[in-house]
Amino acid sequence: MNETYINDYCNIYSGCIGKFGKHSMISDTRKNEHVIYNKSGKEVLKDEDARNRWRPLLGSGRRIQQYIKKPVEEYIYVHEDEKMRKKYAKSGFDLEKYEGEKILIRQTGSDLITVYDNEGYFCLNNMHIMYKTGNKYSLKFFTALLNSYLYNFYYHTISMEQGRTMPQTDIDVIEELPVLEVKEYEWLEELSDDLLELNSKRTKISIDNEVLMENREKIIESYLEVYKQKTELDNEILEKRLSIEYLIMKELGLDDHEIRYIINHINSYVSKEWDSFLISNGKETNLENIRENLAKEISSAKLMETSSEQIAKEYGVEVNTVNHLKFSLVTSSTDVNLEYLLDMSPLKEKIKKVIIDELYSTLDRDISYFNHFHCREILKNKLSNFAELMYTYSSGETVSTENIIKEILNEYSSTWRSFQKNRENNKSLFVKYDTNILGLAKWDDEVHKKFFIDAINYHTSSQLDDDKYKGTVFEGIKKTHKKASSALEALTKMDIKDKNDYIELLSEKVN
């Protein structure tokens with residue numbers, strides 16, 4: 001049979017590129033109105049009925065892993081009229097290529113990282129799209145091939161991208177990869193489909209928001225149940241992945257020694273799970289035996305002090321085998337610190353979102369600048385279990401609630417200077433006027449000006465006026481002429497009514 005190549009069955013297409021930068025066409029909400037400006041600030045397109053023109057977006061290569069999509073609330077503006085679209089779109093906006101089934105391929109990196117999609121996700125040019133032109137094989141079959149150890153090993157060999165600074169996947173090289181003739185290709189498609197489904201199910205498992213309104217004991221109990229479900233799914237995912245890899249490498253006629261060589265190239269070691277699978281001729285992995293032996297070899301202290309990845313490599317096992325053992329230790333002993341054993345970041349992210357959502361909705365109504373103390377009072381009033389949430393977020397350690405709130409707000413904030421420089425492309429929720437004084441980034445300058453006027457009045461006031469500022473965000477802040485001057489400079493760059501009158505009046509105070 002003649003050798004065939006990827007481009008005999010599929011074409012590859014690069015993702016969306018905008019004429020005026022990606023931020024001109026991206027939003028984290030389905031906005032009712034959308035305006036696009038060119039690089040000179042001139043309005044190019046204004047859509048007052050934009051809500052139904054936002055399409056789900058995987059905006060970064062990090063949003064995909066092999067067999068996994070990791071979406072967030074992110075959308076791209078896609079006008080259905082091609083003439084309108086050409087006003088802001090440079091390339092990569094062929095709607096049919098996104099609406100049908102496709103494979104998304106990460107662009108940055110030396111590995112082939114792909115995932116199948118039939119949910120209409122768009123992507124930017126940090127990903128490629130692969131779509132079918134031939135009939136024999138499904139895209140799930142090609143997803144399995146491209147993600148496989150064998151194809152990554154071969155791709156590393158011929159692309160010479162591994163080890164380079166900022167390696168990029170090459171469309172031409174991928175299109176010219178030979179297609180392995182798999183006799184049981186329908187089984188490979190089925191295994192690929194199973195793996196996609198399992199990973200999708202795992203991604204969606206999460207602690208309910210309602211549980212986050214409970215006490216810490218209930219929150220931790222629910223999180224451990226979520227962790228258990230994910231760990232159990234990881235075992236199924238491992239079994240499916242081993243089966244796919246084994247099928248592909250055996251189809252090429254590789255012996256166990258050659259298979260181990262490729263595994264070692266990809267993972268830098270051959271795990272006991274792989275050894276067990278190879279010994280059984282691809283039929284099973286004796287996970288229970290491997291776990292029991294690891295439990296005998298490793299101490300509880302080692303489990304708590306060392307990352308799962310380090311332990312896996314040192315003891316020659318898969319990461320989820322270590323995670324399973326750590327989880328067993330957590331559920332069998334009360335004298336352990338969860339933070340040292342389990343990945344608590346998903347729980348912290350959920351708590352963080354609750355805090356941000358509560359703050360944002362309240363502050364958006366208040367329309368007044370604020371500080372961390374103000375935020376703490378809002379959360380204490382809005383969340384009946386505020387203290388429990390803070391204690392859970394800090395993993396049971398004694399950390400001031402103010403510092404936790406400050407840490408969370410900082411993650412979602414830009415400085416005023418940075419915000420002004422890149423206002424059209426801003427994605428921060430908050431803007432920091434001063435070290436501990438913030439506002440919402442969505443406010444227009446008529447709202448922002450209030451802080452800068454008050455800051456000038458405060459920093460130019462006498463000590464006799466100090467009582468006037470007690471209980472405000474300015475209490476305790478050292479008065480400086482420099483800060484008054486900076487506030488005046490900020491006002492000169494703002495788009496506000498009667499600006500000249502403000503500047504004239506306030507300049508007398510500052511100067």
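Let me start with Lys 42, which touches Ile 36 and Tyr 37, leaving aside residues up to four places away in sequence. This is a predicted model, so please take everything I say with that in mind. Lys 42 sits in the loop between β4 and β5, the latter being residues 43–47. Is Lys 42 buried or exposed? Its relative accessible area is 59%, and the cut-off for exposed is over 50%, so Lys 42 counts as exposed. For a sense of distance, take Lys 42 and His 324: they are 282 residues apart in sequence, and their C-alpha atoms are 57 Å apart in space.

Now the chain as a whole. The protein chain has 22 helices and 18 strands. Its C-alpha trace spans about 90 × 65 × 40 Å along the principal axes. Of the 511 residues, 47% are buried. If we take contacts between residues at least 6 apart in sequence, 66% of them join residues at least 24 apart.

β3, residues 26–27, and β4, residues 34–37, each supply at least two residues of the lining. Sorted by class, the lining of the second largest pocket holds ten nonpolar, ten polar and nine charged residues.

Asp 445 lies in helix α20, residues 445–459. Why does Asp 445 count as buried? Because its relative accessible area is 7%, and buried means under 20%.

On to helix packing. The axes of α15, residues 345–366, and α16, residues 372–382, come within 10 Å and cross at roughly 110°. The two helices are therefore roughly perpendicular to each other. On the α15 side, the contact is made by Ile 355, Glu 358, Leu 359, Ser 361, Thr 362, Leu 363, Arg 365 and Asp 366. From α16 come His 374, Cys 375, Ile 378, Leu 379 and Lys 382. By class, the residues of this contact are six nonpolar, three polar and four charged.

Another helix, α4, covers residues 149–159, and its buried residues are Tyr 149, Leu 150, Tyr 151, Asn 152, Tyr 155, His 156 and Ser 159. What covers them? The cover includes α3 (139–147), α5 (171–175), α7 (216–251), α8 (256–267) and α9 (272–279). After α4 comes Met 160, with a positive phi near 60°.

Last, two further residues with positive phi. Ser 268, in the loop between α8 and α9, has a phi of about 70° although it is not a glycine. Ser 268 has 39% relative accessibility, so it counts as partly exposed. Asn 281 is not a glycine either, and its phi is positive at about 60°. Where is Asn 281 found? It is in the loop between α9 and α10, the latter being residues 287–297.

That is what I have for today.

Technical notes:
Residues are numbered from 1 along each chain as its sequence is written. This is a predicted model: local features need pLDDT of at least 70, side-chain atom pairs count only at pLDDT 80 or more; totals for chains, interfaces and linings use all residues. Side-chain values use heavy atoms; hydrogens and water are left out. Helices (H or I, at least four residues) and strands (E, at least two) are DSSP runs, numbered from the N terminus. Ala, Val, Leu, Ile, Met, Phe, Trp, Tyr, Cys and Pro count as nonpolar, Asp, Glu, Lys and Arg as charged, and the others, Gly among them, as polar. Axes are lines fitted to C-alpha atoms, for helices over the stretch in contact, and angles run from 0 to 180 degrees between N-to-C directions. Angles under 35 degrees count as roughly parallel, over 145 as roughly antiparallel, 65 to 115 as roughly perpendicular and the rest as oblique. Contact means heavy atoms within 4.5 Å. Buried means under 20% relative accessible area, exposed over 50%, partly exposed in between (1.4 Å probe, protein chains only).
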